[in-house]
Amino acid sequence: MSNLKFASRIDTMHDTAIYMRGLFDNMTDPNMKSFGGGAPARSVLPMPYMEKIASEVLSDSGRGFEAFQYSAPFGLYDLREAVCDHLLKPTGIDAKPENIQIVSGGLETMNLVCQLFIDPGDVILTESPTFIHVTDTFKMFQAEVVGCECDENGIIPEDVEKKIKQYNAKMVYTVPTFGNPTGRTLSVDRRKKLAELGSKYNVVILEDDPYRDVRYSGEVLPAIRSFDKTGNTIMACSFSKIFAPGSRLGYAVADEDIIYALRDVKIATNSQPPGISEVLTAEFFHRGYYDENMKKMCATYKAGRDAMMETMDKFFPKGFKRTTPDGGYYVWVEFPKNVDAAAVKDRAEKEYKFSFLAGGDWYPNSKAEDHANMARFNFTTQPVEVIKEGIEIIGKIACEMAAE
Ligand SMILES: Cc1ncc(COP(=O)(O)O)c(C=O)c1O
């Protein structure tokens, strides 16, 4: 055991780091049937396409050299083109490859953006509850994370504006579509308003939108960035939820000056995105497999969502509440006040090997005990039969607790 002293940022991220460690342990435990992490279903991972693509593309006569050699820090040009054509046009964003930085996993955009803009003590506004993994990143940069009020239409711009002024905030972070953890979607007028607030107060609006294409009902909404007239909105997206988390790829969308600066930060961090992944992912799009596989994903996940919501309604304690997401990966649950979600989870894990996430820690400015009855359930990882069995068991444990 060494006697070395860690940097002070390791202290500021201490609590969220413990939570994240547990989340990954739980998600990767082969003996656990988890509704905890945000993993895609095995049945829709792109193995059927990738075997053929890999054998053709990774050869010397194919794109092997591009895949295995050092490459452009911005990311592979044709992958950036694929992002513009296949992923951004449909959300009203008319971007060029020069507006795209490919990153190593969706979360890296948050890391690079913090390196570019955040000094210790800067305030970042978020939804409340917000995505705890990103809180972990923000804390690593020693930012102060302040939650804003939300309702069923997402973050409330009036509260955001009040807090921008109150805290002299540097950045607003939001997951506008099928949010994590709530599954809620920000309405169009609020998207427009957030873009305007970014311009009016010269703050960064960081729009983290990895679930946008995973829609089961309702209409496609324009991105916040589509309303941005001053370059204050930066979009962060990931290939993890729409292709494969193991690709460790994502992309940032911003004005060219910001992309150039992000490129410098990327070089200082890890030089370039993973070339092997980039080549394989680009080919998946060029060969037209994305739309086909996304249809399969949406059909699979819709069935999972419907089975989860129906089983919750049948077996969860009287008076519980849940969201009805139009897409994405999660249902957010409010158990009756006397049900401690962490205690339900402990019993479900120990006695039945089913798991989910207790939600108290996802509120940036309150103690976990104040929201001990909140929980996040993922419906994309497990097959429908496992969802039905597990949610019934978890419901019965929660009912016993509610009756005590
Ligand atoms: C809102 C949000 N942003 C970013 C990410 C991270 O994506 P990646 O796994 O590509 O780093 C996730 C993953 O769960 C997420 O839910």
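The side chain of Asn 373 comes to 2.8 Å from the backbone oxygen of Phe 335, and this residue makes a friendly starting point for a walk through the structure, which is a predicted model. Asn 373 sits in the loop that links β14 (357-358) to β15. Its relative accessibility is 3%, so Asn 373 counts as buried, the cut-off for that class being under 20%. Leaving aside residues up to four places away in sequence, Asn 373 is in contact with Val 333, Glu 334, Phe 335, Pro 336, Lys 337, Val 339 and Ala 341.

Helix α14 runs over residues 384-403 and has 20 residues. From its first C-alpha to its last, α14 reaches 28 Å, close to the 28 Å expected at 1.5 Å a residue. The buried residues of α14 are Val 386, Ile 387, Gly 390, Ile 391, Ile 393, Ile 394, Gly 395, Ile 397, Ala 398 and Met 401.

Two packed helices are described by the angle between their axes and the distance between the axes. For α12 and α14, the axes come within 9 Å and cross at roughly 25°. Because angles under 35 degrees count as roughly parallel, α12 is roughly parallel to α14. The crossing of these two helices is right-handed. On the α12 side, the contact is made by Ala 303, Gly 304, Ala 307, Met 308, Thr 311, Met 312 and Phe 315. On the α14 side, the residues are Val 384, Ile 387, Lys 388, Ile 391, Glu 392, Gly 395, Lys 396 and Cys 399. Ile 387, Ile 391 and Gly 395 are also among the buried residues of α14.

Attention now turns to helix α7 (residues 132-140), where Ile 132 is found. With a relative accessibility of 2%, Ile 132 counts as buried. Apart from residues up to four places away in sequence, Ile 132 touches Thr 16, Tyr 19, Met 20, Asp 361 and Trp 362. Pro 222 is 90 residues from Ile 132 in sequence, and the two are 25 Å apart in space, C-alpha to C-alpha.

The loop between β3 (123-127) and α7 holds Pro 129. The peptide bond from Ser 128 to Pro 129 is cis, with omega near 5°. A cis peptide bond also joins Asn 180 and Pro 181, with omega about 20°. Pro 181 belongs to the loop between β7 (171-174) and α9 (188-201).

Backbone angles also draw attention to two residues with positive phi. Ser 271, which is not a glycine, has a phi of about 70°. Ser 271 lies in the loop between α10 (256-270) and α11 (275-286), and its relative accessible area of 34% makes it partly exposed. Lys 353, likewise a residue other than glycine, has a positive phi near 60°. Lys 353 lies in the loop between α13 and β13, and at 37% relative accessibility Lys 353 counts as partly exposed.

How values were computed. Residues numbered from 1 in each chain as written. Predicted model: local features only at pLDDT ≥ 70, side-chain atom pairs only at ≥ 80, totals over all residues. Heavy atoms only, no water. Helix = DSSP H or I, 4+ residues; strand = E, 2+ residues; numbered from the N terminus. Expected span 1.5 Å × (residues − 1). Buried < 20%, exposed > 50% of the residue type's maximum accessible area, 1.4 Å probe, protein only. Polar contact = N/O pair within 3.5 Å; in protein donor to acceptor, adjacent residues only side chain to side chain. Contact = heavy atoms within 4.5 Å. Axes fitted to C-alpha atoms, helices over the stretch in contact; angles between N-to-C directions. Parallel < 35°, antiparallel > 145°, perpendicular 65-115°, else oblique. Left-handed = near helix turned anticlockwise from the far one by under 90°.
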